[in-house]
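Please open the model in your viewer and keep the selection panel at hand. The tour below goes from the whole chain to a single side chain.

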Amino acid sequence: MELETIILFALMCKHAVADLAVQSFRVPSRKHLYFNRGLHLHSLDHSVLTFITLLFFINPLSAVLFAILDYICHWHIDFTKSNILKKFNISREGPAFWRLQTFDQIFHYATYALIVFLM
């Protein structure tokens, strides 16, 4: 297996931990607000875990730069998703939420593919 594939898989596992396990300890926040504390804490969770994950594969300075990229991307992806949910009054119980959530996850995975590509 190529190293790039292993790194991509590690980043996807990191994503699951940050989006599901870690986020389960946080109260729901108003991520539709650009400077919302909860949105930035969640993005920081991703950034820190990306940094830790990448330290196994690359030098610390590069890991910091890619962690910052993940922070910025995660912040904007979640901000955009939350604004779409709010603008169109999409319920978290309805099928439209899950369709939007699908695109949200695709954009996050694309971030990891970009990181691996840039490496």
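For charges, Lys and Arg count as positive and Asp and Glu as negative, with His and the chain ends not counted, and the place of a charge is taken as NZ of Lys, CZ of Arg, CG of Asp or CD of Glu. Select these side chains: the chain has 10 positive and 8 negative ones, and the centres of the two sets lie 13 Å apart.

This is a predicted model, in which local features need pLDDT of at least 70 and side-chain atom pairs count only at pLDDT 80 or more, while totals for chains, interfaces and linings use all residues. Residues are numbered from 1 along each chain as its sequence is written, and side-chain values use heavy atoms, leaving out hydrogens and water.

Next, colour by secondary structure, where helices (H or I, at least four residues) and strands (E, at least two) are DSSP runs numbered from the N terminus; the chain holds four helices and zero strands. Its C-alpha trace spans about 45 × 30 × 25 Å along the principal axes.

Now select I7, L11, L54, I58, A63, F66, Y112, I115 and V116, which form the largest nonpolar core, meaning buried Ala, Val, Leu, Ile, Met, Phe, Trp, Tyr and Cys residues joined through side-chain atoms within 4.5 Å, where buried is under 20% relative accessible area with a 1.4 Å probe, protein chains only.

Finally, centre on I115, which touches L11, L54, F66, L69 and D70, residues up to four places away in sequence not being counted; contact means heavy atoms within 4.5 Å.

Technical notes
Buried means under 20% relative accessible area, exposed over 50%, partly exposed in between (1.4 Å probe, protein chains only).
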